[in-house]
Amino acid sequence: MPEQIFKDQVAIVTGAGEGIGHEIARRLALQGALVLLNDIKPTLAKQAAQDICDEGGTCVGVGGDIADVKVVRDLATRAVSDFGRLTIAVANAGLSLWDDFFDFKPEDFHRILAVNLGGSFFLAQAAARQMRRQGTGGRLLFMSSVAGIQAIAESSVYAMTKKGLEMLARSLVSEVSAHGITVNVIAPGATVTPRTVATVPDYEPIWSHVTPTGRPAYPIDIANAALFFLSPASGHITGQTLIVDGGWTATSPEPQSQFADKTK
Ligand SMILES: NC(=O)c1ccc[n+]([C@@H]2O[C@H](COP(=O)([O-])OP(=O)(O)OC[C@H]3O[C@@H](n4cnc5c(N)ncnc54)[C@H](O)[C@@H]3O)[C@@H](O)[C@H]2O)c1
């Protein structure tokens with residue numbers, strides 16, 4: 001049984017049916033937190049929560065699209081009705097929709113903003129209101145991306161939202177700190193998840209080749225960083241972004257750059 005450092009904590013993790021969010025929810029639950037696990041796919045949310053319960057954690061799966069403000073507000077309400085309080089909110093769900101700038105569709109633009117920024121902002125607001133009411137402090141965590149640090153072709157809208165989350169965290173510091181709430185951000189690099197591997201079958205070898213540590217991240221790498229920010233040990237750290245990318249953003253493109261073909 002892992003050390004129960006999240007005992008008595010109640011957490012919401014969005015977009016946690018699989019991938020990074022699922023690993024964060026799982027680790028929190030196995031270390032004592034009572035977890036509300038959200039996913040846009042209700043059946044997946046319930047199955048993922050059941051899997052965590054089968055391992056010995058306490059977890060309830062709730063379906064819903066976090067772009068809908070009512071959904072995120074209901075998550076906060078549900079945490080309190082099911083578990084009595086809310087002390088941790090992880091705005092993990094994000095839409096990774098990339099496309100050519102010249103052809104980008106307005107409906108895709110608005111959808112990405114609604115999920116990545118709206119979903120994170122209103123979850124943080126609903127959670128912080130509850131934490132302020134409780135007077136117990138709390139932890140807010142946003143999920144950015146290396147795309148918000150280093151420009152990558154065809155990621156303009158996604159990148160803009162991810163960078164926006166960093167500034168959102170910094171902006172909230174002056175409003176939530178008096179209530180004992182910290183707000184931080186993780187910027188993962190390429191991470192092996194069911195989605196990334198399904199999209200790019202050679203995902204692992206490709207990213208191993210360009211990542212200084214010789215491999216992409218796995219969800220556990222991101223979850224380890226997340227659990228530090230969510231733990232009592234990080235109480236004096238707020239408004240910060242931690243890049244977890246095996247050194248990818250610390251390096252620069254080499255001569256066989258991706259731009260060469262596009263200038264023809
Ligand atoms: N995987 C990576 O390489 C990577 C890299 C950098 C940043 N990120 C960020 O990390 C987060 C998690 O990434 P991932 O690859 O594990 O996610 P993912 O795309 O695999 O999605 C994880 C889960 O979120 C759910 N989801 C999608 N949209 C939702 C919505 N609107 N409301 C509720 N649930 C929703 C999906 O159904 C899925 O089960 C995202 O914010 C992503 O932008 C991922």
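**View 1. Strands S6 and S7 at one side of the sheet pair in the parallel sense.** Strand S6, which covers residues 181-188, and S7 are joined over four bridges in the parallel sense, where two strands are taken to pair if DSSP finds at least two bridges between them. Within this pairing, Ala-187 has Ile-243 of S7 as its bridge partner. Strands, and likewise helices, are DSSP runs numbered from the N terminus, with at least two residues (E) for a strand and at least four (H or I) for a helix. The model shown is predicted, and local features need a pLDDT of at least 70, side-chain atom pairs count only at pLDDT 80 or more, and totals for chains, interfaces and linings use all residues. Residue numbers start from 1 along each chain as its sequence is written.

**View 2. Seven strands make up an open, parallel sheet.** The order of the strands is S3-S2-S1-S4-S5-S6-S7. Strand S3 (58-63) and strand S7 (241-244) are the edge strands, each pairing on one side only. Neighbouring strands of this sheet are turned by 15° against each other on average, with direction ignored; axes are lines fitted to C-alpha atoms, for helices over the stretch in contact, and angles run from 0 to 180 degrees between N-to-C directions.

**View 3. Strand S4 pairs with S1 and with S5.** The pairing of S1 and S4 is parallel and runs over three bridges, and Ala-11 has Ile-88 of S4 as its bridge partner. S4 and S5 also pair in the parallel sense, over four bridges, and here the bridge partner of Ile-88 in S5 is Arg-139. In a regular strand the side chains alternate between the two faces of the sheet. In S4, Ile-88 and Val-90 point one way whereas Ala-89 and Ala-91 point the other way, and all are buried; a residue is called buried if 20 or more other C-beta atoms, placed from the backbone, lie within 10 Å of its own, exposed if 12 or fewer do, and partly exposed in between.

**View 4. Helices H3 and H4 lie across strands of the sheet.** Helix H3 (residues 69-83) lies across strand S1 (10-13), strand S2 (34-39) and S3, and runs at about 145° to S2. Helix H4 (residues 106-134) lies across S1, strand S4 (88-91), strand S5 (138-143) and S6, running at about 175° to S4. Contact between two residues requires that their C-beta atoms, placed from the backbone, lie within 7 Å.

**View 5. The ligand is surrounded by 29 residues.** The closest of these are Gly-15, Gly-17, Gly-19, Gly-94 and Arg-195, a residue being near a molecule if its C-beta atom, placed from the backbone, lies within 6 Å of it. Helix H1 (19-30), S2 and helix H6 (194-199) each supply at least two residues of this shell, and H1 gives the most, with three residues.

**View 6. Asp-8 and Glu-154 have positive phi values.** Asp-8, in the segment before S1, has a phi near 75°, a positive value in a residue other than glycine. Asp-8 is partly exposed, with 13 other C-beta atoms within 10 Å. Glu-154, in the loop between S5 and helix H5 (156-176), has a phi near 70° and is likewise partly exposed, with 14 other C-beta atoms within 10 Å.
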